[in-house]
Amino acid sequence: MMTKAVAPTPSEILGEDVTRRSKLHGGLQWLVETAAIVLLVFLVALVLANSLGRYLFAAPLPWTEEVVTALLMWLGALGITIGALNNELISCSIWTRRLTGISQHVLATLQAVFSIAVMAVVGVLAWRYLGTFGSDRTPILGISKAVAISGILATCVGLGVAFLLNIVEGRKE
């Protein structure tokens, strides 16, 4: 009988106990996951309503595309934040799995600090983009494009907080 090999997650490679989290981390994770579930259910309901309207009643809901686009931006932001909170994003496991003890912790901390810096730069660029195009309106509902664009900022903030929590919680070991 053949067994399927499962690749280890970055947190398993680093030997980190994922279940050991602060109350802040756990509360933030619950909030982000709950928001993602609510947005996903709403998105699926909109797409289903539009499909049923289009194919069963020949009366599509043209405005759903505008709402779904904004929801997708926010759902992506929440999804990648969940991955970061679980410490499941791609990391330099080629290096970290070969290290032990303090050198492993230092490299993981440097990766997190670098990631925070990258998110800060992307956040500044997203802020500028928001300033340029945020006042534009969608053609049907007239929703500000800032609603969708702010999902990029939410991604930067969510990832930055997750990386910071990984640094702080890594010191407690």
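This is a predicted model: local features need pLDDT of at least 70, side-chain atom pairs count only at pLDDT 80 or more; totals for chains, interfaces and linings use all residues.
1. S22 sits in the loop between α1 (10-13) and α2. S22 has a relative accessible area of 19% and is buried, because the cut-off for that word is under 20%. The C-alpha atoms of S22 and L165 are 8.8 Å apart in space, although 143 residues separate the two in sequence.

2. Now for the overall layout. The protein chain has 6 helices and 0 strands, and reading along the sequence gives the pattern α-α-α-α-α-α. Of its 173 residues, 35% are buried. Taking contacts between residues at least 6 apart in sequence, 74% join residues at least 24 apart. The chain exposes about 11200 Å², and carbon and sulfur atoms supply 72% of that area.

3. Helix α3, which covers residues 64-85, holds T81. Is T81 buried or exposed? Its relative accessible area is 5%, so T81 is buried. The side chain of T81 reaches back to the backbone oxygen of A77, at 2.7 Å. Once neighbours within four places in sequence are set aside, T81 is in contact with V32, T155, G158 and L159.

4. Q29 belongs to helix α2. With 12% relative accessibility, Q29 counts as buried. Which residues does Q29 contact, leaving aside its neighbours within four places in sequence? They are L85 and N86.

5. Further along helix α2 you will find R54. R54 counts as partly exposed, at 40% relative accessibility. Not counting residues up to four places away in sequence, R54 touches A59 and P60.

6. The relative accessibility of L56 is 60%, so L56 counts as exposed, the cut-off being over 50%.

7. A58 is my backbone point for you. A58 has a positive phi of about 55° although it is not a glycine. For context, most residues other than glycine have a negative phi. A58 lies in the loop between α2 and α3. Its relative accessible area of 66% makes A58 exposed.

8. On aromatic pairs, the structure holds 1. The rings of Y129 and F133 have their centres 4.8 Å apart. Why is the pair called tilted? The planes of the two rings are at 50°, so the pair is neither stacked (under 30 degrees) nor edge-to-face (over 60). Both residues lie in helix α5 (residues 101-133), 4 residues apart, which is about one turn of the helix. Y129 is partly exposed, with a relative accessible area of 43%, and F133 also counts as partly exposed, at 35% relative accessibility.

9. V147 is partly exposed, with a relative accessible area of 39%. Leaving aside neighbours within four places in sequence, V147 is in contact with A70 and W74. The C-alpha atoms of V147 and S135 are separated by 9.8 Å, the two residues being 12 residues apart along the chain.

10. Go on to T81, which is buried at a relative accessible area of 5%. Finish at A58, in the loop between α2 and α3, where phi is positive at about 55°.

How values were computed:
Residues are numbered from 1 along each chain as its sequence is written. Side-chain values use heavy atoms; hydrogens and water are left out. Helices (H or I, at least four residues) and strands (E, at least two) are DSSP runs, numbered from the N terminus. Buried means under 20% relative accessible area, exposed over 50%, partly exposed in between (1.4 Å probe, protein chains only). A polar contact is a pair of N or O atoms within 3.5 Å; within protein, one must be able to donate a hydrogen and the other to accept it, and residues adjacent in sequence count only if both atoms are side-chain atoms. Contact means heavy atoms within 4.5 Å. Rings of Phe, Tyr and Trp (its six-membered ring) pair if their centres lie within 6.5 Å; planes under 30 degrees apart count as stacked, over 60 as edge-to-face and the rest as tilted. Accessible areas come from the Shrake-Rupley method with a 1.4 Å probe; for residues, only the protein chains shown count as cover.
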